[in-house]
Amino acid sequence: MTQVRIRLISPITTIIVLLTSVLLSRTLMAQTKVLHIGTLLAEPGKAVTKEQTLVLKDDMITHIIDGYQPANTYGEDAELIDLKNRFVMPGLMDMHVHLQFELGPKNDSDSLKMSDQLMAMRSIMYAMRTLEAGFTTVRDAGSSAQEMYALRDAINSGWIDGPRIVAAGGVGITGGHADVSGMNPDLMEFYTGSNICDGPYDCRRATRDAIKYGADLIKITSTGGVLSDRATGTGQQMEMDELKEVVLAAKRMGRKVASHAHQEDGIIAALEAGVDSIEHGSYAGKDSIKLFKKTGAYLVPTLLAGHTVLEMAENSDFMSPAIKEKARKVGKEMQGNIERAYQAGVKIAFGTDSGVSAHGGNAYEAVLMAKAGMSNMDILKSATVSGADLLDMSDKIGTLVVGKQADIIATDSSPLDDIEQLLDIDFVMKDGKVFVNK
Ligand SMILES: [Zn+2]
C-alpha cells in the first residue's frame, strides 16, 4: 500500500517541482536590455526613425519608444546598450548557404579524409563566422543532411551558438547536379544517398524520405550545375513529372521547395511545377520572368557564387576542365539577367551560395546586387523582410517590432547611403544575446 502511494504521489510531486523550478529560473533569468538607437530601420522598405529606445525581455522585443528612455525605467537590473551613433536594423538573412564546406583546392580531399564528426565541428566554425558577419538566420541549401539538422537543433536548443538555421533536404536525379560526380565509380556508388531518385514515384519517395529524416524544406536541382564534375551542361535535367511529384509530396507535408536552376528551360519547368524559389536563376529571361510574377515565387540570385567561380576559373587551377568551362560561362552572364528580373518586379530574396565563396563574406552579395541595379533599400529588404516571407517566419523575424525576436545588427553609418557598410557590421545580437559589439 505504501509503495503504491509513493508511486502515486511521486510523479505529481516531480511535475510540481519541475514546474516551479522552470518558473523560478524563468523569472531569475529574465533579462531586460534597453537599446538607445540613433537611427532605426525597424522595417526595411519603410522610413527610418531617429532617437529610439528599444526594450527587450530575454529574446523578445517588448517596447519601441520615441526618444531615449532611462534604462532603469524598465527595472533596476536592466542593461543599457548604447547605439546612439549607429544605424540599426533587423539581422540579415541569407537564403542560400552550405555551412558544411568551403570551395577551394582541398575541398574534395577534405571530404574524403575527414570524419563526419570533424566536418560537423568545422561547420560550427563556419556558422559562427556567418553570425558574426551579421547573418542571424540562414537557409542551408544542401549539406550532409543529418549533420546540418544536428547543427540546427543544437543551436535551437542553446547548446552551441550560431545563426538560426533552416535546413534543406536534397532530392536529385541520377547523374544530375545533386548526385556525386568525378570520382572512382566504387566510391560514387558508396556515396550515393537515398536522396537520388529517377521517375515520379521514386522522387515522391525521396521527398518523403527527406522530410522523415528532418528536412525543413526540399531542395531540388531542375538543371545542371557549375560545380558538378561532368560536362552535362547547365540546362534542364529533371523531368516535369519528377518536378511535379516532388512539389506535391512536399506540399502535402507542409514543406516548401527550392530549385537550383541556371538555364531558362529548367527555371520555367520548376516554376510550372510550383516551386517556391529559384536559386541562381542565371538565365532568367522574358518567359520565366512572366512565370515568376504569376506564381509569386522568389528569385535567390547568388551573384556572389557566379563572381567567385569566375574568379577561381581564371586565377587557380584546381577546377577540372568540365567545371572551368561552366564557371566561365555562367559566372559572366549571371549579373545582367538578374538585373532584368529585378527591373521587371520579380520578388528577390538575398542569397549567396556561401560555401562556394568564403563563409562570413556573405555581405559582398549586397555590393554585387547594387552593381546589378538594385536600390539599397530593396537590397536590405531582400535580406530581411523577403527572407522571412520566403521562410514563412514573418511573424517572428525580418522586422524589429514588438513581439518579434531580438535579431539586431548595427553599422557605423547608413547602408542606405553606402551599401558597403554591410561589409563591416559593428553590432550583432541574435535572440537577445550580443555576439559582436565593436
Ligand atoms: Zn548552392
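Q: In what order do the seven strands of the open sheet lie?
A: This is a predicted model, in which local features need pLDDT of at least 70, side-chain atom pairs count only at pLDDT 80 or more, and totals for chains, interfaces and linings use all residues. Residues are numbered from 1 along each chain as its sequence is written. Strands are DSSP runs (E, at least two residues), numbered from the N terminus, and two strands pair if DSSP finds at least two bridges between them. The pairing in this open sheet is mixed, and the order is β3-β2-β1-β4-β13-β14-β15.

Q: Which are the edge strands of this sheet?
A: An edge strand pairs on one side only. The twist from one strand to the next averages 30°, with axes being lines fitted to C-alpha atoms and angles running from 0 to 180 degrees between N-to-C directions. The edge strands are β3 (60–66) and β15.

Q: Which residue in β4 stands opposite leucine 40?
A: Strands of a sheet pair through backbone hydrogen bonds, either parallel or antiparallel. Strand β1 (residues 32–40) and β4 run parallel and are joined by seven bridges. Opposite leucine 40 stands valine 88.

Q: Which elements give two or more residues to the side of domain 1 that touches domain 2?
A: The domain assignment, which is automatic or from a database, gives domain 1 (29–90 + 399–437) and domain 2 (92–390). Between them, 19 residues of domain 1 are in contact with 21 residues of domain 2, where contact requires C-beta atoms, placed from the backbone, within 7 Å. The elements are β4 (79–90), β14 (427–430) and β15 (433–437).

Q: How far apart are the centres of domain 1 and domain 2?
A: The centres are taken over C-alpha atoms. The separation is 31 Å.

Q: Against which helices do the buried residues of α12 pack?
A: A residue is buried if 20 or more other C-beta atoms, placed from the backbone, lie within 10 Å of its own. In α12 (residues 364–371) the buried residues are Tyr364, Glu365, Ala366, Leu368 and Met369; helices are DSSP runs (H or I) of at least four residues. They pack against α10 (303–315) and α13 (376–382).

Note on methods
Two residues are in contact if their C-beta atoms, placed from the backbone, lie within 7 Å. A residue is buried if 20 or more other C-beta atoms lie within 10 Å of its own, exposed if 12 or fewer, and partly exposed in between; C-beta atoms are placed from the backbone.
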